[in-house]
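Colleague: I would like to learn how to read the strand pairing in a model such as this one. Could you take me through it, with the general idea ahead of the case at hand?

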Amino acid sequence: ITPVAVKKFKVLWVKTNHPALTARVESMRKKPGAYRLKVRFGPLAKPGKINAKVTVHTDLPHAKDLSISVFGRVVEPTQADDQGSQS
């Protein structure tokens, strides 16, 4: 997340609306005022379609919340995946 049309801002918190989805934000050392948003599905993610949102809350008075849609499909691991993780 990089400010383009505004001056510097702060990300105050992030949250998701899906129990298997986690999100966190980090300040980028090489780009002051920019943030890296990391989104990850954890072990609670069940096979099937995913339709979730990440909300980023900032200190900008005119744009407090930024909503980001996350969608896709979680698939079950295959035997090949299981064997590859054992070597």
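**Reading the sheet**

Modeller: β1 and β4 run antiparallel to each other and are joined over 5 bridges, where strands are DSSP runs (E, at least two residues; helices are H or I, at least four), numbered from the N terminus, and two strands pair if DSSP finds at least two bridges between them. This is a predicted model, in which local features need pLDDT of at least 70 and side-chain atom pairs count only at pLDDT 80 or more, while totals for chains, interfaces and linings use all residues. Residues are numbered from 1 along each chain as its sequence is written, and side-chain values use heavy atoms, with hydrogens and water left out.

Colleague: What is the order of the strands in the open sheet?

Modeller: Strands of a sheet pair through backbone hydrogen bonds, either parallel or antiparallel. Here the open sheet of 3 strands has the order β1-β4-β5, with antiparallel pairing, and its edge strands are β1 and β5 (65-74), each of which pairs on one side only.

Colleague: Over how many bridges do β4 and β5 pair, and which residue is the bridge partner of alanine 52?

Modeller: Strand β4 (residues 48-58) pairs with β5 in the antiparallel sense over 10 bridges, and the two form a hairpin with 6 residues between them. Within β5, valine 70 is the bridge partner of alanine 52, and glycine 72 stands opposite isoleucine 50.

Colleague: Which residue in β4 stands opposite valine 11?

Modeller: That residue is threonine 58.
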